[in-house]
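I put the questions down as they came up.

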Amino acid sequence: MIKRLFFGVFIFLLNVPMHGQGVMATSDFVKELTSNWEGERFEDGRPKVSDALLKRLKNIQIEEAWGYLRNKGYNNQYDGGWKILHPEQVMTGRVLTSQYMPLRPDYQQVVKEKGGKEKRDTIGGSNSWPIEILKPGDIYVADGYGRIIDGTLIGSNLGNAIYTNSQNGVIFDGGVRDVAGLLDIEGFNGWFRGDDPSYLKEQMLTSINNPIRIGRAIVLPGDVVLANQHGVVFIPSHLVAELVISSEVVGLRDVFGFQRLREKTYTPGQIDTKWTDAIKADFLKWIKKYPDEKLPMTRTELNTYLENHYN
């Protein structure tokens, strides 16, 4: 009996991985997190939503994106209350996540050792690690648990490095420093909780490309960001394409509705509620004559969407 028990324990130990979780999530784990995505991926496993969709997403209103996600059961994808470097601009991109926690020496040593095994620079600060792996179109999203004083995740030096690698910006649930220098980086933008002249202190990086919380939102690596002066929405990658065209059609419905209200064809009550079959038919007739060059999508995409949703 004892021999059988010993043998069983021995076999169990042989099948237990001899290494724990690294600083950066494995590509297999990221693929598992985003298993609904069926398209191209980066080497780290994150979904590679197309640049064309990211460009179209810039024209979508926060409320439209939020409403679409709520209808799909995704109720925790928005957060507001930000300071913004350039509030007049809209930013979209693919998420690379990182998580920060209050400094604990023994845990920091583990992170440093695992970072070394992952061939990361262990001489400088670990807050540069996520920046070094950013790809064009990425947005660096960091959970800094809202800390501003001594929680400044970047200044102008790291801001320049971020823009060099990503050609994009950041969303930090934390602080930044040297705002004047960050404002000088042409094309760079940032959403953050506050600014302070202090340096990063008593805070440490704990993970890259793992799920994080940003305010009241949950964020996965490979999500897509829509950020403007009204807040930030984190969109699951597999929903981006449908969200974009659905929101674009809502925009076209608004154009149609405004026109018919000016013409006094319908009352506000008729337009601002569920449309009757007669109004739907009028809209479909109107959209067929709408100039192709003014459409935000191709005519083929529009026709496919209308066939699936208006018949």
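**Entry 1: Ile154 and the cores**

Leaving aside its neighbours within four places in sequence, which residues is Ile154 in contact with? I worked on a predicted model, and there I listed Ile131, Gly159, Ile162, Val170, Phe172, Gly175, Val176, Arg177, Leu182 and Phe188 as the contacts of Ile154.

I then looked up the largest nonpolar core, which has 24 residues. Ile154 is among the members that touch the most others, along with Tyr140, Ile162, Phe172 and Phe188. The elements giving two or more residues to this core are strand S3, helix H6 (129-132), strand S4 (138-152), helix H7 (156-166), strand S5 (170-176) and strand S8 (203-208). Strand S5 gives the most, with three residues. I also noted a second, separate core of 19 residues, which includes Ile60, Ala65, Tyr68 and Leu69.

**Entry 2: Aromatic pairs**

I counted eight aromatic pairs. Tyr140 and Phe172 make one of them, an edge-to-face pair with 5.1 Å centre to centre and 85° between the planes. Tyr140 belongs to strand S4 and Phe172 to strand S5, so this pair ties together parts 32 residues apart in sequence. Are the two partners buried or exposed? Tyr140 has a relative accessibility of 1% and therefore counts as buried. Phe172, at 0%, counts as buried too.

Trp286 and Tyr290 form a tilted pair, 5.1 Å centre to centre with 50° between the planes. Both Trp286 and Tyr290 are buried. They also belong to one aromatic cluster, made up of Phe256, Trp275, Phe283, Trp286, Tyr290 and Tyr310.

I went to Ser98 next, which lies in strand S3 (residues 91-102). Why does Ser98 count as buried? Its relative accessibility is 0%, and the cut-off for buried is under 20%.

What does the side chain of Ser98 make a polar contact with? The partner is the side chain of Tyr140, at 3.2 Å. Not counting residues up to four places away in sequence, Ser98 touches Pro130, Tyr140, Val141, Ala142, Asp143, Leu205, Ser207, Ile208 and Ile212.

I followed that list to Ser207, which sits in strand S8. Ser207 counts as buried because its relative accessibility is 9%. With residues up to four places away left out, Ser207 touches Val23, Thr97, Ser98 and Gln99.

**Entry 3: Helix H11**

Which residues of H11 are buried? I found Ile279, Asp282, Phe283, Trp286 and Ile287. These residues cover an arc of only 130° around the axis, so they lie on the same side of H11. The face turned away from that buried side carries the exposed residues Asp277, Ala278, Lys285 and Lys288. What covers the buried residues of H11 includes helix H9 (240-262), helix H10 (268-271) and helix H12 (299-309).

**Entry 4: The whole chain**

I left the totals for the end. The chain has twelve helices and twelve strands. Its C-alpha trace spans about 80 × 65 × 30 Å along the principal axes. What share of the 311 residues counts as buried? The figure is 46%.

I also looked up how far apart in sequence the contacting residues are. Among contacts with a separation of 6 or more, 74% are between residues 24 or more positions apart.

Technical notes
Residues numbered from 1 in each chain as written. Predicted model: local features only at pLDDT ≥ 70, side-chain atom pairs only at ≥ 80, totals over all residues. Heavy atoms only, no water. Helix = DSSP H or I, 4+ residues; strand = E, 2+ residues; numbered from the N terminus. Buried < 20%, exposed > 50% of the residue type's maximum accessible area, 1.4 Å probe, protein only. Polar contact = N/O pair within 3.5 Å; in protein donor to acceptor, adjacent residues only side chain to side chain. Contact = heavy atoms within 4.5 Å. Core = buried A, V, L, I, M, F, W, Y, C linked by side-chain atoms within 4.5 Å. Arc of directions from axis to C-beta. Phe/Tyr/Trp six-rings, centres within 6.5 Å; stacked < 30°, edge-to-face > 60°.
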